[in-house]
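Welcome! Here is a friendly briefing to read alongside the structure. Please take a look at it, and then we will go through it topic by topic.

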4 protein chains.
Amino acid sequence: MAGSTLGNLFAVTNFGESHGPAIGCVIDGCPPGMLLCEADIQADLDRRRPGTSRHVTQRNEPDAVEIVSGVYQGKTTGTPICLLIKNTDQRSKDYGNILETFRPGHADYTYLHKYGLRDPRGGGRSSARLTAPMVAAGAVAKKWLFEKYGTTFRGCMTQIGDVQIPFESWDHVANNPFFAPMADVSVLEDFMDALRKAGDSCGARIRVMASGVPVGLGEPLFDKLDADIAFAMMGINAVKGVEIGAGFASVSQRGTTHGDGLLPTGFMSNNAGGVLGGISTGQDLEVSIAIKPTSSIISPRQSIDTSGQPSEVITKGRHDPCVGIRATPIAEAMLALVVMEHALRQRAQNADVQVATPDIARQRS
Amino acid sequence: MAGSTLGNLFAVTNFGESHGPAIGCVIDGCPPGMLLCEADIQADLDRRRPGTSRHVTQRNEPDAVEIVSGVYQGKTTGTPICLLIKNTDQRSKDYGNILETFRPGHADYTYLHKYGLRDPRGGGRSSARLTAPMVAAGAVAKKWLFEKYGTTFRGCMTQIGDVQIPFESWDHVANNPFFAPMADVSVLEDFMDALRKAGDSCGARIRVMASGVPVGLGEPLFDKLDADIAFAMMGINAVKGVEIGAGFASVSQRGTTHGDGLLPTGFMSNNAGGVLGGISTGQDLEVSIAIKPTSSIISPRQSIDTSGQPSEVITKGRHDPCVGIRATPIAEAMLALVVMEHALRQRAQNADVQVATPDIARQRS
Amino acid sequence: MAGSTLGNLFAVTNFGESHGPAIGCVIDGCPPGMLLCEADIQADLDRRRPGTSRHVTQRNEPDAVEIVSGVYQGKTTGTPICLLIKNTDQRSKDYGNILETFRPGHADYTYLHKYGLRDPRGGGRSSARLTAPMVAAGAVAKKWLFEKYGTTFRGCMTQIGDVQIPFESWDHVANNPFFAPMADVSVLEDFMDALRKAGDSCGARIRVMASGVPVGLGEPLFDKLDADIAFAMMGINAVKGVEIGAGFASVSQRGTTHGDGLLPTGFMSNNAGGVLGGISTGQDLEVSIAIKPTSSIISPRQSIDTSGQPSEVITKGRHDPCVGIRATPIAEAMLALVVMEHALRQRAQNADVQVATPDIARQRS
Amino acid sequence: MAGSTLGNLFAVTNFGESHGPAIGCVIDGCPPGMLLCEADIQADLDRRRPGTSRHVTQRNEPDAVEIVSGVYQGKTTGTPICLLIKNTDQRSKDYGNILETFRPGHADYTYLHKYGLRDPRGGGRSSARLTAPMVAAGAVAKKWLFEKYGTTFRGCMTQIGDVQIPFESWDHVANNPFFAPMADVSVLEDFMDALRKAGDSCGARIRVMASGVPVGLGEPLFDKLDADIAFAMMGINAVKGVEIGAGFASVSQRGTTHGDGLLPTGFMSNNAGGVLGGISTGQDLEVSIAIKPTSSIISPRQSIDTSGQPSEVITKGRHDPCVGIRATPIAEAMLALVVMEHALRQRAQNADVQVATPDIARQRS
């Protein structure tokens, strides 16, 4: 209720601040008997880790995860899994002067009005650093879903600033710091270098998808699979828009085009993005999100101080010039957490359902 | 958990099917002592009502709401408010042949796989008719928020199919069946007439906003105000995308542009759409949604039947050629429900918070 | 959150007041495909119905249940089941003078302080009449649990006032208005007749049990099966105590006696009441509850009025001299609702669990 | 949903096992701006700590609490407070042989059937050691409630085995290891010494109360204050019964006696235990719980092994011969957590309520 828990049956409770001693999460509801060790989780954390290229923040955090509970002799026990990630590279002095001034685009103003006080060190609780425990929890969900249903998750960047990124192949995504599905990312590197020199920042558009999702996940009316996806994606820092399938393009589509026809061998298209009536069709889940430009920039901005007087803000410190660059594994993790939640729900209420009609999405894949 | 309840502190539980005896909802958590009668609710229901122009479904439903509980001597008692809306114009025979075939773009396929059976009468539970109780509940939330904080809600259509709708004035919205903020809607009428003749359907883009929202609503990390808005909007039938503030346009903005500067007299812009760090700034909440084309069209579509064999589908019956036309009051209601929930939450945890910093958004308005 | 919903996966939302037009509930999460009609529910409602003997309130309510939604062609669809029970025999004038005075033992004082106003007609929302929808919902749960697991629920009165009721046979329970497991209830009738003449009321002790409960239901640490049972039982009007298994008698037991030994053919005793570590053993669930004397009595009581001045209260109207008399089917229903909730939860998280160890409780039964 | 979180607005998520590296909890929803340091919490943990007398387990745990998050410059920030308690004195070898055998009265049998595997080290997740984080969380709730409303919590033992403990004074409770409200506890010491020699264990009865509780806390119908208290108390290991106010004694009371009369100067008695209609009256909350005898005893017991074959069990290791001895601070903490939750809820929905009627309970105290 106070907003730090995602999910109910696979409930992930997140804690910590950017510059506190540690961040982490508690996963309650992971099915028992699954093999799980730190290495299973670390791989995704490493994909999100800061300090790995000149295009992201230079804060050096190993983000080493520790399993504190819930695993016995290498297997999950069905009881809460606490994951702890120590903060090791805090430099709070970098942020010294922001306590009295509200940085435009940041949560400073709203946190102060909501809570009456705020932890200004690195953004405190509002820092994107708090996505790390979600990536860790997502890795647990991914593992279970893969072992149980063969579900896989992928993501890539499709736009950075005003640069459209053509889709060449999923194979390229792991080979560049942008998660771009293209072989030669020099255009992106040049763009980012120029942006940094200008003391400015930019937004990005990220695509994530899940393949091998069981048909039938999602609840009408409100806990629709796509509604929960939108909720989870908007929970990622800096996200300002979410699309499922054709998204905003569906506005100018006609019904004769948009509605995905069905053949005995599978769906004829996927404008739905894998969800009809809030329930998964078994096709790929297709999600796209908009990430706003980083608010922490060294260019001076007009603002006010805590007494309401005019003040100029320049944000120094170590920041990502495009927070979207590291957002792909985060969005994948959030998608995995939503699918996991609904996979468990589906078993609760509909475990006995048997249908004669073939699962046409699965046939094709 | 099974998806029919929205909210926790102001919890709205929705029930009913398109062609059952009645639909309705139970509101649990409405503060006591507010004057409330059916007329307070009926006004918004009438804005959403079918059969009011040639551009929407001809199903004739008065959608008369009845307060079954929770009000004593004209005042809310703080106990559950049950609202009942009788279905009066069911023609289930119109839908007779869709039981064996899956309509493309509809929930037929997913409901059958999820539940093993489905109510095919008018879409059963997946019908957009189930938004009526939410409009009713939203009217209750709107009333409380207006009396308590002066909060108001407005919405309009900004695009239908590929026709962009220029914003002229809020005053026009109530004067045409499209909720279009323009004086002369003949271009929209012509477009819709041609579409109907073609036996096709189209999508729409709707904008909704709330003014006079208190600063401080919304919870980090997950129950962010914008995350809950996205969740609620995706819960509306046919919605495929949600934007807050600048939305997808923020991808190509620069940080120097996007971050809304602050002056002692107020924010300098509203790219944030009224939410920073998941918490309301006190500025207008600005939300935009994409609605897909109606799936029920009379043009023949390729599909399969429940045994998996090829089949052609033509959907007769009474349908909206653009479900977006009646979506504005629905989206307003969903937004009101989210703001209401967070207004109550804010009181729970932060009732004692006092801040010296002025509320600059409220100063301006 | 506002207290009118019981359960999460099998969520029952209750609405209505004693003297409003109707009471009812919405069940969200009932698995699809189960045959269900009004008669399945009416039987239990009739067991709880008022006006059936001289020992209970003479209010004459048929308590006829109507299924408003969630059932199609005689089968549950997996969507919300709304059950409606009309109030037909309100005599609000009977309660005219209690608006200004607080009846001792009643919720008048607390409702006024909580809500600032209250519906005094028959106790409004605090009336035991609101248990009727729970009996209806419980009947749905009982039916599913019986068909799925063979689970059955029984209950009886074990004490009324200071009269201990010896257990002779379950067969007698249906043959007297007290739900007493004894053949000759004349001692109880004499006791009640004397009590009524004295213008007084008394408490009762009720025992309920469930047989054929699957092993493994209940969650550590907090949503223990017995914790949820205690929660549900305390949710029944007038309940002041709950025991599981040996209950308070376990205080003076020794460990050598209390701990139920295990044999290959089953447990050797059931001091645990069917729950160990918060999880069902598969043995009978054994629950006992204490119900306080009815607060509505015609003997004069000292009280104050709403201005804080001394006042004498005499409660006329139609009241049960022992609310415990009709409590047995209510307690059974609440127990069934808890078992149902946990049966669904168990499937969500532990559907894949397989154990070599035999289910010794089931062997025996 | 998986049972490790207590509360919604003041939500405490518990994690860890008896012999893992650490146990702890995350508190989400603590209001901001309260001074909080480890010492505020440690005092209650020390009252519950093992190894402090010969009558409790000799496991030597300092139970030193560490605040990992949610506090900045000595004040709560309104974001999650993670509390960590390291386990330092595990001797898992003591428990070596219990993996293959089910200890009577323990959760071994049920955990295995629920999860398919179990952590046998010290009872794993089912150990009473997991109450330590709740005592820590309860200390935070107590502090806030005291500062805000002056609410205080007390508890004592009222019976151990078959020895009734007379109430002499609250002052004695802190001066003996039993939390007994009597000056000379030699009778209790003798009783316990004999019990240990006999290799047996016994139960206990604990009374807890809260004074200075605001009027109006608790929700009808289900989230009644007393229902939540019963739920929380049954969540404590080994509890088999819960009473509110007169409890089971109310069965043989008459209505003329039980219903607490009201005078302008206060209630005339407290059979209600501070709750009417599920809502606090402002009087002392009075709760009594039954704790079963410790299941871990060295006397041999009949049982079966995991293959279902007969087996004899003797439980060595370090155990409390009466788990009730250390239960008083645990029960106080659980009561404080429930009151805290409802205090926040009350503000959410009823913050605006004003009543002319005097708060008679508060007048007296």
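Two residues are in contact if their C-beta atoms, placed from the backbone, lie within 7 Å. By that rule, residues 24 or more positions apart account for 72% of the contacts in chain A with a separation of 6 or more. Please keep in mind that this is a predicted model, in which local features need pLDDT of at least 70, side-chain atom pairs count only at pLDDT 80 or more, and totals for chains, interfaces and linings use all residues. Residues are numbered from 1 along each chain as its sequence is written, while chains are lettered from A and ligands numbered from 1 in the order in which they are written.

**Chain A as a whole**

- Chain A has eight helices and 18 strands; helices (H or I, at least four residues) and strands (E, at least two) are DSSP runs, numbered from the N terminus.
- The radius of gyration of chain A, taken over C-alpha atoms, is 21 Å, close to the 21 Å that the globule rule (2.2 Å times the number of residues to the power 0.38) gives for 365 residues, so chain A is as compact as a globular protein of that length.
- Along the principal axes, the C-alpha atoms of chain A fill a box of roughly 70 × 50 × 40 Å.
- Of the 365 residues of chain A, 67% are buried; a residue is buried if 20 or more other C-beta atoms lie within 10 Å of its own, exposed if 12 or fewer, and partly exposed in between, with C-beta atoms placed from the backbone.

**An open sheet in chain A**

- Five strands of chain A make an open sheet with antiparallel pairing, in the order β1-β2-β3-β7-β4; two strands pair if DSSP finds at least two bridges between them.
- The edge strands of this sheet are β1 (5–6) and β4 (65–67) of chain A, each of which pairs on one side only.
- Two bridges link β1(A) to β2 (residues 11–16) of chain A in the antiparallel sense, and T5(A) stands opposite T13(A) in β2(A).

**Strand β11 and its partners**

- Strand β11 (residues 239–244) of chain A is largely enclosed by the rest of the structure, because six of its six residues are buried.
- Within chain A, five bridges join β11(A) to the antiparallel strand β16 (residues 285–291), and G241(A) faces A290(A) in β16(A).
- β11(A) also reaches across to chain B: three bridges join it to β11 (residues 239–244) of chain B, again antiparallel.
- One of the residues involved is E243(A), whose bridge partner in β11(B) is G241(B).

**Where chains A and B meet**

- This contact takes 103 residues from chain A and 104 residues from chain B.
- On the side of chain A that touches chain B, the largest share is seven residues, from helix α2 (residues 108–115) of chain A.
- That side of chain A divides into 42 nonpolar, 44 polar and 17 charged residues; Ala, Val, Leu, Ile, Met, Phe, Trp, Tyr, Cys and Pro count as nonpolar, Asp, Glu, Lys and Arg as charged, and the others, Gly among them, as polar.
- Chain A superposes on chain B by a rotation of 180° with 0.0 Å of shift along its axis (RMSD 0.0 Å); copies are superposed by least squares on the C-alpha atoms of residues with pLDDT of at least 70 in both.
- Because 100% of the interface residues of chain A are also interface residues in chain B, the copies meet through the same surface.

**Where chains D and A meet**

- Here 34 residues from chain D and 34 residues from chain A take part.
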